[in-house]
Amino acid sequence: MKIDELYALLRRRGVLWPSAEIYGGTQGLYDYGPLGAALKRRLQDAWAAWFLGLSPDYHRIEPAEILPEAVVRASGHLENFTDAEVTCEKCGTAFRAETLLESVRPEGVDGLTPAEIGEIVRASSIRCPSCGSTALHVPRPFNMMFGVPLGVAGTERGYLQPETAQASYLAFARMWDVARRSLPLGIAVIGHAYRNEIAPRQLLFRMRSFTQAELQIFFDPAGFPVPFDRVASEELPVLRAARRDAGATEPETARATELVASGLPEFYVYHLVQTYRFLRDVLRYPAGRIRFFEKSDRERAFYNRIQFDAEVRFESLGGFREVGAVHYRGDYDLTRHTEGSGRDLAVTPTGGAKILPHVLELTFGVDRNLWALADVHLGRDGERTVWHLPPYLAPVSVGVLPLIEKEHAAVATELAESLAAAGVTVQYDDASSIGRRYARMDEAGTPYCLTVDGGTVGPGPEHGSVTLRERDSKAQERVPASDVAARLAPEFRLPRPSVR
RNA sequence: GCGGGCAUAGUGUAGUCUGGUUAUCACAUAGGCUUGCCAAGCCUAUAACCCGGGUUCAAAUCCCGGUGCCCGCACCA
């Protein structure tokens, strides 16, 4: 579906809508409705079940979302999380300083003050690429973080976290003790990040408040053992930086062992494969719509040694978009926070030497993946609109419908309540015709419907049995109502990786 | 941030150029009748000109400003 059509459908069904809608909306802010909130919760649960399932040494924490200024100063966000802009006074066009100065300063402008950038612009007599004027204005600093005053006097300054990763680095020292002083040590956080985007756009893709699910794994650079044999034969769709430099635009299939042979560490490829399996097997994105896009030396953030973006092809956005990434960040983060805090973050594992751990970061945009779940799985199926969500992700697991409201409502209500008591998310619906109710359930992604009919309440051989209707195939089957919960339970179980 | 386009019930739309009756139609929603396993039919009801200012006897319609959305540029998880 095109983006407008998909968004209209999601708004109408109450999946999501613009924040402060009655005031005309606010750029980059969205609210999730009942279906969206439920789907997002399940998506987060699925992520946690999968990635925490990789190792008993991976733990989930829930840190504060405001960072004191000293933290963002040390992390580099205060100086670097800035779009240095140069504006043309004649035509008004704005340019990113780094791009504008590429020819005279190929090493980039990181670390330079606005005044220094202005000096280079003047000295180099660069012209506006848009109109040719030399009236280029000195850049004004614009930090994308939201600053907040802390305390009544407001003398201490804090920032809404621009990424959840920092909170994990801050927690490392405490977690080292809590998790009994061994490496690897994984710290997972699902939380909000806030960025004052200049141009938020494309709905859930550029939000000013969004949700990240991140796993930071601290490990000994001398050795990060993983059960590589469990992934060795997996084939990944990758677009390597070297091939892109040679003009390639389509991903190739590479076996995990081949990626290792090409120089990538086993621990890196192992987590890349597990990320792939999460996208393909848990979120069920078709393999042909997933690719791993390697960032080249020039493209990736300076602190990353290896970076592959996990990308999904979005029909609504007309191409591949990043939904997650795997970053090998080296010791950058702990080094910065060691310097910033004055606390030595190097550790000494039992029986080993003192080391500063390296970090492997697995990061996911929760909202982006929620959009992908709509883009990939929600669509027209002939006359129907069906959201083919995996059953364990569906906001409503089972719809309970009386065939004739007057005659079957009592039994159906009772059935819905007993299922709810058994832990199944049910929705009871007795409004309008049975076909329309199935259609509504299809659109919401409800994988199963139970219909109570004459046979259910009658004295005949079908007494106590209901029609079980499956969403995708529309197939129907008679099953005893008492068996339904146990019968469907496996469908609603979150997948976990097999690691041993 | 820059440039272009757009903004009418819950959703999709007609009407805007050329100002003038009670703002069109479909679907959806709610109630009733009927039907009884895949968006059926009939009746009824609910429901909109993005916000602010200006021009005019009169503004959904023309002008200005704002806000939001889409596309391109520039960016980005």
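Good morning. I begin with one residue, Ile217, whose bridge partner in strand β17 is Leu360. Please keep in mind throughout that this structure is a predicted model.

Strand β17 covers residues 358–365 and runs antiparallel to β11, with 8 bridges joining the two. Both strands belong to an open sheet of 9 strands with mixed pairing, in the order β3-β10-β11-β17-β16-β15-β14-β12-β13. Which strands stand at the edges of this sheet? They are β3 (58–60) and β13 (252–255); each has a single partner strand, so one side of each is left without a neighbour in the sheet. If direction is ignored, neighbouring strands here are turned by 30 degrees against each other on average.

A helix also packs on the sheet, namely α2, which spans residues 34–52. Helix α2 touches β3, β10 (185–194), β11 and β17, and its direction makes about 5 degrees with that of β11.

I turn now to the aromatic residues. How many aromatic pairs does the structure hold? The count is 21. A pair of aromatic rings is described by the distance of the centres and the angle of the planes. Let me present two examples.

In the edge-to-face pair of Tyr169 and Phe218, the centres are 6.2 Å apart and the planes stand at 90 degrees. This pair links distant parts of the chain: Tyr169 belongs to helix α7 (residues 165–178) and Phe218 to strand β11 (residues 209–219), 49 residues apart. Are these two residues buried or exposed? Both Tyr169 and Phe218 are buried.

The second example, Phe267 with Tyr328, is likewise edge-to-face, at 5.4 Å between centres and 85 degrees between planes. Here helix α10 (residues 266–282) provides Phe267, while strand β16 (residues 319–330) provides Tyr328, and the two residues are 61 positions apart. Phe267 and Tyr328 are buried as well. Elsewhere, Trp47, Phe51, Phe278 and Phe364 form one aromatic cluster.

Finally, the chain as a whole. Chain A has 16 helices and 24 strands. Of its 500 residues, 51% are buried. Among contacts in chain A with a separation of 6 or more, 65% involve residues 24 or more positions apart. The chain exposes about 22,800 Å², and carbon and sulfur atoms supply 50% of that area. Thank you for your attention.

Notes
Residues numbered from 1 in each chain as written. Chains lettered and ligands numbered in written order. Predicted model: local features only at pLDDT ≥ 70, side-chain atom pairs only at ≥ 80, totals over all residues. Heavy atoms only, no water. Phe/Tyr/Trp six-rings, centres within 6.5 Å; stacked < 30°, edge-to-face > 60°. Helix = DSSP H or I, 4+ residues; strand = E, 2+ residues; numbered from the N terminus. Buried < 20%, exposed > 50% of the residue type's maximum accessible area, 1.4 Å probe, protein only. Contact = heavy atoms within 4.5 Å. Areas by Shrake-Rupley, 256 points an atom, 1.4 Å probe, with all protein chains shown as cover. Pairing = 2+ DSSP bridges. Axes fitted to C-alpha atoms, helices over the stretch in contact; angles between N-to-C directions.
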